[in-house]
Amino acid sequence: MKSKTSPSRVEPANVDLSVRLGPLTLRNPVLTASGTFGYGPEYAELVDLEQLGAIVVKGICLKPTRGNPTPRTYEVASGLLNAIGLQNPGVDGFIRDYLPFLRKFSTPVIVNIWGHTIEEYAEVARRFSGVEGIAALEINVSCPNIKEGSKLFGTDLDAFRRVLDACRAATRLPLIPKLAPNVADIGAFARAAEDAGADAISLINSVPGMAVDIETRRPRLANITGGLTGPAIRPIAVKLVWEAARATRLPIIGMGGIMEAAHAAEFLIVGATAVAVGTASFAEPRTAARVVEGLRDYLARHGLASVRALIGTLQR
Amino acid sequence: MIIEDAAVAGQERRAGGYYLLSLRSPKLAALARPGQFLHVRLPAPADTLLRRPFSIFQAAEGEVRILYKPVGRGTHSMTALQAGDVLSVIGPLGNGFPPPAPGVHPVLVAGGYGMAALYLLAASAPRPGTAFFGGAGAADILCVPEFEALGWKVIIATEDGSLGARGRVTTPLDAWLSASARPRPIEFFACGPNGMLKAVAERAAAAGARAWVSMDRSMGCGVGACLTCVQRVRAPNGEAVWARVCKEGPVFEAGSVVWEEIE
């Protein structure tokens, strides 16, 4: 087929997959989503960590945290409900037990952080400042388990701003707030992140959800409610990334139910600069690496020499 | 730990609605240790995301075998597998059973298809011991000939009395333990429901014997990342901490398990 838009031939090996997230340059736009890839060593026997654009580790707060009782997860059609409760080894435990392993790789490490209070967020950000081997901080304001009083940092715009201001004042590390999906206007949160001096945003976090065992009439999760992830939430995530991209010039890490390269391309087309693979890693640990190769083939097939030429190219 | 696409070597239906699935995998067969498990991607349905863990029942001649009973949509889809079909398998996973200490008489205690997790241990033990199998009825007592062929004495209990002693597996176990002529010292290796494991832990403590229990939990990733299958255990300093059943387990020394926190 001949037309003036007919793509020129590009060899997959020659496709430039590198992207920039503010001051960070990544070799490719495929990250792991926080909470789905542990702290790095868990998957290292099965996955070449050098093939990843960046590793985003499971959320860290100031002190070791026990998390929720079990059952903590429940599989639903095309999705996974979880309420792990942010179990983590704390700042010192992470630096002592996991960071030395991660430093052996050239892949940038992004640490997902959270706190019980605004002061704790800032303290965690401060403690990671200047620590060798940490490329950026993703700020988890949207986990359903975190709240100040009755206000969730991820869904209350004023609380969201105060968390970001406190973190921004505490560190020069690149900051990437992770946005909650259950807000009326995602654009307002994207703009607030930009105003607060964030370097990028990531979305979406899990969608609040619940399931019940009708025989026992008990909730499926010990925490009663949890966060839904996996392919079930992908259209929600694509729509919110599209809206956020129109509201801010910050680069966006899009995520939610990415199982293959085609899904990643969807996020890039609606405006994401990078993507993260989450729940899919539990099923197929090599999904992120496969998405990288699949994106390369897709871009070559469309005559695009750089992944950056795909970002925000939704046709109307 | 490896991930590979393994071809189905065969599948046969066993009594009681159980299935024996054989996978062709010289690598997994060579790596498998007693008490470890495989994390298997289900062939269907398409909206099923997570893998399912299965104890490695047997590993020999380039094949690994698992024994399962279809309970949900995912495991029902496995019953249609035929020779030549391919399954993605991660394994062998987890910390299995240590070898029985020299000079002890090994005692196996299995509830339902828990004995699947014990066969490799029985096959590799320095000497055969005594195995106690319990189930709801005769149809739930599996693989007795396989264990007897290894020289083990198998003692059976069923709750409906249709085979062996009537009652739980602890009924004949308690009788055996109280016999003055029984072998000493002993060491327990158990797999089954949590209530049974706890009962074995109590008998072991009373007998001054060590017990190793293999815990059956719903799992997510199978490799220690998702923190779904956590269990409270006592660290060496006595503090209660989380252990991941898929990584630090599935086998735990019974004395380290915090039983009161098992729902």
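Modeller: First a term: a salt bridge here is a side-chain nitrogen of Lys or Arg within 4 Å of a carboxyl oxygen of Asp or Glu. By that rule, Lys69(B) forms a salt bridge with Asp140(B). The closest N and O atoms are 3.7 Å apart.

Colleague: What are the ground rules for this model?

Modeller: This is a predicted model: local features need pLDDT of at least 70, side-chain atom pairs count only at pLDDT 80 or more, and totals for chains, interfaces and linings use all residues. Residues are numbered from 1 along each chain as its sequence is written, chains are lettered from A and ligands numbered from 1 in the order in which they are written, and side-chain values use heavy atoms, with hydrogens and water left out.

Colleague: OK. Which domains does chain B have?

Modeller: Domain 1 covers 2-93 and domain 2 covers 105-261 of chain B. Those bounds come from an automatic or database domain assignment.

Colleague: How far apart are the C-alpha centres of the two domains of chain B?

Modeller: They lie 22 Å apart. The contact takes 20 residues from domain 1 of chain B and 22 residues from domain 2 of chain B. Contact means heavy atoms within 4.5 Å.

Colleague: And how much area do domain 1 and domain 2 of chain B bury between them?

Modeller: About 1,800 Å², with 67% of it on carbon and sulfur atoms. Buried area is the accessible area (1.4 Å probe) that two parts lose on being put together, summed over both.

Colleague: How many salt bridges and polar contacts are there between those domains?

Modeller: There are 2 salt bridges between domain 1 and domain 2 of chain B.

Colleague: Which elements of domain 1 touch domain 2 in chain B?

Modeller: Strand 3, strand 4, strand 5 and strand 7 (86-93) of chain B each give two or more residues to that side. Helices (H or I, at least four residues) and strands (E, at least two) are DSSP runs, numbered from the N terminus.

Colleague: What order do the strands take in the sheet of 7 in chain B?

Modeller: The order is 4-3-7-1-2-6-5, in an open sheet with antiparallel pairing. Strand 4 (52-55) and strand 5 (58-60) of chain B are the edge strands, each pairing on one side only. Two strands pair if DSSP finds at least two bridges between them. Strand 3 (residues 37-40) and strand 4 of chain B are joined by 4 bridges. One bridge partner pair is His39(B) with Pro53(B).

Colleague: Switching to chain A. What is the order in its sheet of 4 strands?

Modeller: That open sheet runs 5-6-14-11, again with antiparallel pairing. Its edges are strand 5 (73-76) and strand 11 (207-210) of chain A. Strand 6 (residues 79-82) and strand 14 (residues 225-229) of chain A share 3 bridges. There, Asn82(A) has Gly227(A) as its bridge partner.

Colleague: What about phi at Cys143(B)?

Modeller: Positive, about 60°, although Cys143(B) is not a glycine. Cys143(B) is in the loop between strand 9 (130-135) and helix 4 (144-149) of chain B.
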